Amino acid sequence: MIKLQHIERCYPLAKEKFFYVLREINLEVQEGDFVSIMGPSGAGKSTLLHILGMHDHGWTGEYFLDGTATHHLKPKERATLRNKQIGFVFQQYHLLDDLTVYENLDIPLSYRRYRTSERAALVADMLDRFQIVGKKDLYPHQLSGGQQQLVGVARAIIARPKLLLADEPTGNLHSSQGEEIMELFRKLNNEGMTIVQVTHSERNASYGKRVVQLRDGWIVKGDQ
Amino acid sequence: MFEELWQDVRYGARILLKSPTYTGIAVAALALSIGANTAVFSAVNTLLLRPLPLKNLDQLVLSQALREGFDPYESSLLELQAYQERSHSFESIGAARQRSFNLIGRGEPERIRGASIMADYLTTLGVKPVLGRSFTAEDDRPGGAAVALISHSLWQKHFGGKADIIGETLNLEARTYTIIGVMPPGFDVPAAAAIWVPMQINIASLPLTQRAVPSCEVVARLRLGISLKQADAEAKSIARQLEQEFPQFRRGWTVKLLWLRQALLGDYAGRVNKALVALTGGVAFLLLICCANVANLQLARGIARTRELALRRALGASRSRLVRQLLTESMLLALLGGAGGLLLAHWILPLLAVINPVQGVSLAGFFHEFRIDNRVLIFAFCVTLATGVIFGLVPALKGTGEREVMPSLRQGDQRSASAPGHGWLNILIVAEIAVAMTLLVGGGLIVRSFNRLQRVDLGFRPDHLLTLKMVLPESKYSEHRQRVAFVNQVLERLKNLPGVVSAGTTTNIPLEREIAYDARFSVEGRSPRNPNDIPITSHRLVSPDYLKTLGVTLLKGRLIEETDRAGQPPVVVISEQLAREAWPGEDPLGKRIKRVRPGQDFPWMTVIGVIRDVKEDLFNYRVNRPVWYVPYAQLENNFPVNLVVRTSDDPSSVTTAIREATRAVDPDQPISDVMTMNQNLARVLVTERFSAILMSVLAAAGLLLAALGLYGVMAYSVSQRTTEIGVRVALGAQPIHVLRLILGQGAKLTLLGIAIGLTAAWGLTRLLASLLFEVNATDPATFVSISLLLVSIALVACFLPARRALAVDPMVALRYE
Ligand SMILES: Nc1ncnc2c1ncn2[C@@H]1O[C@H](COP(=O)(O)OP(=O)(O)OP(=O)(O)O)[C@@H](O)[C@H]1O
Ligand SMILES: [Mg+2]
């Protein structure tokens, strides 16, 4: 599913000096895998996830997604590929404040080529599946943190991506709420979705199939 | 208290200096609108308010005769006499008659404007000579002495301002006048007069036909407590009595009293007044736009300063204390803007003087002097203070409210509490767009109307024409055949001058600011359908080549030729409109028409040609008024003989040659007002041009400010929405979606503003209706095209922030996690 080779990411520091956030990353993730990326703060976990999510293009190396060499793609093609393959869950949920739950779920569909009737069906489906039909007309601030993240996950997968990326999805949640989300991830993974999550907690990592340890930009454990 | 104020001022100054870009933009916007306000006010001041060298001008009125309720004429002695005997509204009444003199024996022969006046004229105006004495009843008696008053400038020019001028003589048209006084500097009423002589008539003993001629300027001073409206009503009822008493002269005529000031502006239709009101509205709107703009800037900055203000509150500052501090800042800003505005006005004023809307010829020294006097200074200062309060109040109140301040102190809560005054940004920008829309529609209508007026078919070709005025003195040319001979000799010489294509004479140059001659006519074999119909036509006596020279379009028949001499069968060339009125639906060629005047008999004239309508009459520019052209030689008259010359090159290049040619015929004959036809025409639409230019400048400034405001709000909004945009991109938003998001927001504000503006314009432009020509006050084309213009400018204003939104990198936007 994912194959990273010699990925490096650096930021210019001062004159002609660079600060390397990621070094020599080689990573393969098979379809159906559930990987947890762990490591101390500042290790580069989020950076790596954004590269996987194709939000960032300032890196060097090779990144194959589903056999496509993304490093050769034009921005537009990359965006299309990303829209087809990837869903993203944020630590801060990032639901759009002025939109209802229903509208938040509809947003990704509106950015892709779906017909209106199809969109309504998909959203209804998702509300049903996550048992939040009763909340569809509420605004994000009327929901608890756990409920917001539930919507966040629902929104991430509504366009049926094959790959789900999550950056500390339970970081802002109580442990019981966090478990609920992790259970959901496991279920999604069982249904065949590939998941890469960043987490600080061993417990969350235990839901996954394997762990990749990152330290100062280097993969120190879990590389096959 | 003072200590506190000083502290606020110092702190405010420091704050303003800290963000020079913001301060610069705000001050520039303020200077622009305060400057525009000051400039327009100084025009209002000059034209409507500033004292003139007449005493208590706000009591002085002019009586105007109106034919069929719209066609303005001078008054006749009939009215004067009736007012004197029957009216109770006037403290005093005076009359003057325009008259020009050929001054001989003092250098170049010169035509000098003057007037013969009744002794009461100057006392009514409240003007006394600065040297010598005024006319007495004794001077004004028939057969009285030949005495004259001269203007200050004539005294300077011809007598070097010497003190012992009284008793000197002037040789005016073969009569020697003794100078008895010098009028105050700048005084030249009526009609740019430089010499005043007594009228010396006894109205009662004059024949009725002479008394009925509308050839007087009647001025009156209202009694204290009498309003113009009351006096006008009384004058109208007197006019109705005259209509009954002298139906042969007065049927269909009424009178109208207007303020003398308005008459001196040449503004008989009241358009200068209305234009100034419209412009004042325009600058007020501009000021509102500017206030909204600066308020928005302040608000956006206030949001950035929320923490500072919250901290001050936490440290114990009361709300009123903070409001005062913020208002002090606004005032500082306003004062800077006010100073800039004054400077701007100082630069604009000379330009305003150039496009001066004054149609009149009198008191030019006063009406053309646009300057910043004390009244204007006070006005500018008040506007500045008001501006400071208007744009400072909302931000000050919003920025210091209890509810808004406290949440911002809670750490890390940046996202939950939406910034104070956020909604106000949107409200203000919508208001701004609405006001700009109204202003643009108003400006659009006035410009459109002006374009229509400019494109009005004049009926002749004004390019390559030179016009010169000549009046033949009765003393030297007492017989009409002498005048005809003079004209023929001059024209003969002109024709042979190099550079002259053709030349002719006319009794009135088209659209000139002089008394224009009219005639009543009667059509052979037809009594008027309605006895109240008094058909009138512009009356022009012209030389054979005149119409060809003017470049009229012949529709039928022929023009006047050399053979149409005295003694030959009388002929006439008429305009289309006259043909329509005299012979509706018939062929006028060969039919006969004649001038009628009680007590006089004129010959029947045969129509030999019909030409396209010519705009002859200045005060009837907006309608087609009938005109006929009669051979000068065939109708005895002592009207002016004005030269019109068509040239192959620049018309003014032949001036000297023409002067020499006339001097060769008569060395004593002066020529005056040498102008190209285009210079003449430039004076026709002065009021309209003034309002069109100013309104379009104002509207453009309003548009610019509104666009700037919209840009500011959108840029601010994009910076506030960075995270949201990042999320959307992460969720799959393509550039087009982001663009749509931002432009959509801008479009919503714009369209709402336009909708409100259109509604307001719909109501307000009706007030402009009387200024418009062939354009409806709710002209759909203007409304639609202005809306489109505003939408496209708004799109541009939103596009720049939208591009910044496109550049949002989700990585960066989401990074603070
Ligand atoms: N735009 C940038 N410019 C400079 N340095 C950056 C930039 N973005 C990230 N970094 C640096 O890259 C390093 C890795 O950041 P990253 O956000 O990936 O860490 P992380 O492992 O996700 O940490 P955390 O667990 O705190 O979320 C940090 O040291 C950070 O300072
Ligand atoms: Mg991170």
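## An open sheet in a predicted model

In this predicted model, A:Leu4 has A:Leu27, in strand 2 of chain A, as its bridge partner. Strand 1 (residues 2–12) and strand 2 of chain A run antiparallel to each other and are joined by eight bridges, where two strands pair if DSSP finds at least two bridges between them, and where strands (E, at least two residues) and helices (H or I, at least four) are DSSP runs numbered from the N terminus. Helix 1 (residues 45–52) of chain A packs on the sheet and touches strand 1, strand 2 and strand 4 (59–65) of chain A, contact meaning heavy atoms within 4.5 Å.

The sheet is open, with four strands of chain A in the order 2-1-4-5 and antiparallel pairing. Strand 2 (18–29) and strand 5 (68–69) of chain A each have a single partner strand, so one side of each lacks a neighbour in the sheet.

Some overall values for chain A follow.

| Property | Value |
|---|---|
| Secondary structure of chain A | seven helices and ten strands |
| Box of the C-alpha atoms of chain A, along the principal axes | roughly 55 × 40 × 35 Å |
| Buried share of the 224 residues in chain A | 54% |

Here buried means under 20% relative accessible area (1.4 Å probe, protein chains only).

The model scores ipTM 0.83 and pTM 0.76.

Residues are numbered from 1 along each chain as its sequence is written, and chains are lettered from A and ligands numbered from 1 in the order in which they are written. Local features need pLDDT of at least 70, side-chain atom pairs count only at pLDDT 80 or more, and totals for chains, interfaces and linings use all residues, while side-chain values use heavy atoms, with hydrogens and water left out.

Technical notes. Axes fitted to C-alpha atoms, helices over the stretch in contact; angles between N-to-C directions. Buried < 20%, exposed > 50% of the residue type's maximum accessible area, 1.4 Å probe, protein only.
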